[in-house]
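Open the model in your viewer and keep the selection tool at hand. The tour below goes from one selection to the next.

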Amino acid sequence: MGTQAAEQPASATTHPASVPAHTGLLIIGASQSGVQLAVSLRALGFDEHITLLGDEDHRPYQRPALSKEFLQGTVESESLIFRSNDYWAEHNVELVKGEYIVRIDKDADGSGVAHASSGREFPFKRLALTVGARARKLDIDGGDLDGVLYLRNADDALALKARVGDATDVVVIGGGFIGLEAASSLQKMGKNVTVLEFGPRLVGRAVGEETAEYFLQAHRSRGLDIRLNTSAARFTSNADGGASVAAVELQDGTVLPAQIVLIGIGVIPNTQLAEQLGLAVDNGVVVDRFALASDGSTVAVGDVANMPNPVPGSEPGERIRLESVNNAIEHAKVAAYSLTGRHEEYAGIPWFWSNQADLKLQIAGLCNGFDATVLRRDEERGKFSVLYYRQGRIIAADCVNAPLDFMAVKNALAKGRNIPADAAADPATQLKTITTDS
Amino acid sequence: MPTVHFTDAEGAVRDVEGNVGDSVMETAVRNGVPGIVAECGGSLSCATCHVFVREDCVSQLPPMEDMEDEMLYGTAVDREDNSRLSCQLRLADGTELFVTTPETQV
Ligand SMILES: Cc1cc2nc3c(=O)[nH]c(=O)nc-3n(C[C@H](O)[C@H](O)[C@H](O)COP(=O)(O)OP(=O)(O)OC[C@H]3O[C@@H](n4cnc5c(N)ncnc54)[C@H](O)[C@@H]3O)c2cc1C
Ligand code: FES
């Protein structure tokens, strides 16, 4: 592919006359990944023009609080903003809000023009796709009633907040991180919350069985009504046929009152533009270790990217798509290196957090492929950790209200050190003190 | 206006004006002070907002909660007696704070 493009005569790449040839980098998607990419590029001395473009009408903001502090009203929206307007101006980054890109024309040399739904055109010399993911829709009867909501962006959160005051009963569909975070927040705000989970346990495969069970018990003991192996059949309005949701009818005929239905059943990567560009796509935009897409010039970063597993020592060829702040940041740094001609492979230990009621979960590493676990439980102090092992080596940990364990495992993994399983079982032992060099 | 004076590990100083109620971390990040990473955006989950507070400013600060204390044991540069996580430090009217950022946060 690469050689073919290089052999093409220079005259084969023609720009429409109206488009300047050198117009810098266009970053499509102005969120965690796009912001970090722009910031890292400037830190590396990248001096070409940067356009950071997104379809949302807000200044780029942090999403994690949308299901937590922002929903509960304990932080101001201003606190979620990544960088001040002055910062962007000083760093010569042109921020474009409210423009949705529908089509991109790109030449073999990587340059081209992006077309927005408004008709505006954004020429570029180089392209970055940081378009993230969108909420997966639940397509059942009543799905279009008012009050059937999702939670992916600030407008979703504002719509939810606007309805919360008048609601008594909320049904959350999906027992994943976002569903459980929002359910905990809404419960704290005095709502009567029921969580429906289609699968046999909470949080799917992101955590092991023990952690899923711990969360189930912990939430139930805090009064959250969680129903596993349960799915909604339809959403209904009042008998008078109003426009707002009033109830959720389950597969077994049970009817739960609900003035709000919040659906959190996962996300779908926004690969539309990549597909239109003819880039390789497979559960995300397929990128190499340098965040480069299959054309060798476009970078794709964050939630939208399907990349080689960055964990050192993982199976060659193993691919993964991660949805986390940590990944968006670290992956963007790798892309910034690529765009400045420095090749740094993406290697690192992913980490993640989720706050649900008074349960602070921190996850270090990826647990997939584990063959043994060690449980550390301190009932009195409300601490709980699961350490995951593969062939005697620690690969990950889920830690609830146990930051010392989290930090010890995160640091050990980052340095390629081990925490022997037999010594780790006593919760009174500090993991940091038993970490070994190999 | 509250002011935070950030000194980096090499000794370069940046004076940043903040807003009452904002944290030291937010004040740094929004203005692009490089020594603060703050991956978790202030939710006390990442310990990449570590600062050393000048001794004579320590007494102005709110006491440390257990969670912050435990997180500080995992910072990239080892904690000292004057270590704090800057997302837990809120600016009040008239606050004038001198902090040093560690050589690395990750
Ligand atoms: C409610 C919630 C809570 C979360 N909590 C946590 C947490 O506690 N910890 C954690 O680690 N992670 C959390 N996450 C995940 C984290 O926020 C994401 O992993 C992160 O935002 C990914 O960043 P991104 O920039 O890759 O994608 P996104 O944040 O999805 O951003 C992509 C942007 O591109 C825009 N866009 C898409 N297509 C186009 C187009 N064609 N034209 C113009 N613009 C376009 C989108 O509107 C969006 O603004 C949470 C996410 C949500 C929604
Ligand atoms: S910003 Fe993450 S702990 Fe302070």
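This is a predicted model. Begin in chain A with strand β5, residues 112–116, which pairs with β6(A) in the antiparallel sense over four bridges.

Three strands of chain A make up an open sheet in the order β4-β5-β6, with antiparallel pairing. At the edges are β4 (101–106) and β6 (121–124) of chain A, each of which pairs on one side only. From one strand to the next, the twist averages 20 degrees.

**Domains of chain A**

Next, colour chain A by domain: domain 1 covers 2–134 + 268–339, domain 2 covers 137–265, and domain 3 covers 358–433. The C-alpha centres of domain 2 and domain 3 of chain A are 31 Å apart. Their contact involves 12 residues of domain 2 of chain A and 14 residues of domain 3 of chain A. About 1100 Å² is buried between these two domains of chain A, and carbon and sulfur atoms give 68% of that area. Select Glu210(A), Tyr214(A) and Phe215(A): these residues supply 51% of the area that domain 2 of chain A buries against domain 3 of chain A, more than any other three residues.

Which polar features cross this interface of domain 2 and domain 3 of chain A? The rule finds five residue pairs in polar contact, both residues at pLDDT 80 or more, and one salt bridge. Show the side chains of Asp358(A) and Arg222(A), which form a salt bridge whose closest N and O atoms are 2.6 Å apart. Then select helix α7 (residues 209–221) of chain A, which gives six residues, the largest share of the domain 2 side that touches domain 3 of chain A.

**Chain B against chain A**

Finally, bring chain B into view. The contact between the chains takes 18 residues from chain B and 26 residues from chain A. Chain B and chain A bury about 2000 Å² between them, of which carbon and sulfur atoms give 51%. On the chain B side, select Arg30(B), Glu39(B) and Glu70(B), which lose the most area to chain A and together account for 36% of what that side buries.

Between chain B and chain A there are two salt bridges and 12 residue pairs in polar contact, both residues at pLDDT 80 or more. One stop is Lys383(A), which forms a salt bridge with Glu70(B); the closest N and O atoms are 3.0 Å apart. To finish, select α1 (24–30) and α2 (66–71) of chain B, the elements that give two or more residues to the side touching chain A.

Methods: Residues are numbered from 1 along each chain as its sequence is written. Chains are lettered from A and ligands numbered from 1 in the order in which they are written. This is a predicted model: local features need pLDDT of at least 70, side-chain atom pairs count only at pLDDT 80 or more; totals for chains, interfaces and linings use all residues. Side-chain values use heavy atoms; hydrogens and water are left out. Two strands pair if DSSP finds at least two bridges between them. Axes are lines fitted to C-alpha atoms, for helices over the stretch in contact, and angles run from 0 to 180 degrees between N-to-C directions. Domain bounds come from an automatic or database domain assignment. Contact means heavy atoms within 4.5 Å. Buried area is the accessible area (1.4 Å probe) that two parts lose on being put together, summed over both. A salt bridge is a side-chain nitrogen of Lys or Arg within 4 Å of a carboxyl oxygen of Asp or Glu. A polar contact is a pair of N or O atoms within 3.5 Å; within protein, one must be able to donate a hydrogen and the other to accept it, and residues adjacent in sequence count only if both atoms are side-chain atoms.
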